[in-house]
Amino acid sequence: MEVMEPENCQSVPPLLPPVLASARPQRALTLYAIIAFKLLKGALLLLAAFVVYNMAGLDLQQELAQMIQQANLDLESKMFNEVAQWLNSITEANVRMFATGTVLYSIFSFVEGIGLIFRASWAGWMAIGESAFFVPIELYQFLRRPSVTLAIILIVNIVIVWYLYAYRHRLFKHHHH
């Protein structure tokens with residue numbers, strides 16, 4: 001059996017011609033996670049909007065009182081009274097407006113996610129802008145009332161902004177004139 005020297009070895013030809021191989025997008029697991037996050041957020045927001053919209057005609061104060069009774073909590077507590085007063089200020093029109101805003105934001109998340117699936121550069125900038133917009137708000141909230149949940153949300157948004165911005169040229173299709 002003869003051992004071939006490296007200079008005598010021929011390299012295996014690529015499966016795709018160089019032109020097609022360079023046009024094929026590289027796998028980006030972090031991008032896929034961001035896409036899943038955006039689509040899941042859109043679905044959860046849509047579900048929340050549906051739940052809130054169905055609450056529009058209800059007497060929210062009475063519903064809260066029933067939930068507190070079923071949970072065997074004190075109906076005369078200061079917290080219940082404050083929440084009950086707040087619920088009295090909510091109108092059916094406010095509930096419907098909130099639900100409509102939630103639907104619009106869920107559509108925004110779906111459009112972002114679908115654009116990212118197709119690696120459209122506008123979707124990358126949209127995701128960067130949306131995530132960057134919330135970072136100062138989340139930081140302010142975290143500094144006021146630190147919590148693990150807020151810390152995770154803040155870190156996720158910072159990672160999304162950094163990753164999409166740092167790798168935008170590799171991840172997205174760019175139109176050159």
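What follows is a set of questions and answers on this predicted model.

Me: How many salt bridges are there in this model?
Reply: Side chains of opposite charge can pair when their charged atoms come close. A pair is counted here if a side-chain nitrogen of Lys or Arg lies within 4 Å of a carboxyl oxygen of Asp or Glu. By this rule the total is four.

Me: Where does Lys38 sit, and is Lys38 buried or exposed?
Reply: Lys38 belongs to helix 2. Its relative accessible area is 0%, and the cut-off for buried is under 20%.

Me: Which residues does Lys38 contact, leaving aside its neighbours within four places in sequence?
Reply: With those neighbours set aside, contact means heavy atoms within 4.5 Å. The residues in contact with Lys38 are then Ser109, Glu112, Gly113, Leu116, Ala127, Glu130 and Ser131.

Me: What is the N to O distance in the salt bridge of Glu112 and Lys38?
Reply: The side chains of Glu112 and Lys38 meet in a salt bridge. Glu112 is in helix 5 (residues 92-117) and Lys38 is in helix 2, so the pair ties together parts 74 residues apart in sequence. Glu112 is buried, at a relative accessible area of 0%. The N to O distance of the pair is 3.6 Å.

Me: How many residues apart in sequence are the parts that Lys38 and Glu130 tie together?
Reply: Lys38 forms a salt bridge with Glu130, with the closest N and O atoms 2.6 Å apart. Lys38 lies in helix 2 and Glu130 in helix 6 (residues 121-144), so the pair links parts of the chain that are separated in sequence. Glu130 is buried, with a relative accessible area of 6%. The separation in sequence is 92 residues.

Me: Why are Arg96 and Glu92 separated by about one helical turn?
Reply: The side chains of Arg96 and Glu92 meet in a salt bridge at 2.6 Å, N to O. Arg96 is partly exposed at 30% relative accessible area, and Glu92 is partly exposed at 40%. The two are about one helical turn apart because they lie in helix 5 at a spacing of four residues.

Me: Which word describes how helix 5 and helix 6 lie to each other, given an angle of about 135°?
Reply: The axes of helix 5 and helix 6 are 8 Å apart, and the angle between the helices is about 135°.

Me: How many charged residues are in the contact of helix 5 with helix 6?
Reply: On the helix 5 side the contact includes Tyr105, Phe108 and Glu112, and on the helix 6 side it includes Trp122, Met126 and Glu130. By class there are nine nonpolar and two polar residues. The charged residues number two.

Me: Is the crossing of helix 2 and helix 7 left-handed or right-handed?
Reply: Helix 2 (residues 29-54) and helix 7 (residues 148-166) pack at about 130°, with axes 11 Å apart. They are therefore oblique. Their crossing is left-handed.

Me: How many nonpolar residues are in the contact of helix 2 with helix 7?
Reply: Thr30, Leu31, Ile34 and Phe37 in helix 2 meet Val156, Ile160, Tyr163 and Leu164 in helix 7. One residue of this contact is polar and none is charged. The nonpolar residues number seven.

Me: Which residues does Ser106 touch, not counting residues up to four places away in sequence?
Reply: Ser106 is part of helix 5. At 0% relative accessibility, Ser106 is buried. Its contacts are Gly42, Leu45 and Leu46.

Me: What is phi of Arg119?
Reply: Most residues other than glycine have a negative phi. Arg119, in the loop between helix 5 and helix 6, is buried at 8% relative accessible area. Its phi is positive, near 55°.

Conventions: Residues numbered from 1 in each chain as written. Predicted model: local features only at pLDDT ≥ 70, side-chain atom pairs only at ≥ 80, totals over all residues. Heavy atoms only, no water. Axes fitted to C-alpha atoms, helices over the stretch in contact; angles between N-to-C directions. Parallel < 35°, antiparallel > 145°, perpendicular 65-115°, else oblique. Left-handed = near helix turned anticlockwise from the far one by under 90°. Nonpolar A, V, L, I, M, F, W, Y, C, P; charged D, E, K, R; others polar. Buried < 20%, exposed > 50% of the residue type's maximum accessible area, 1.4 Å probe, protein only.
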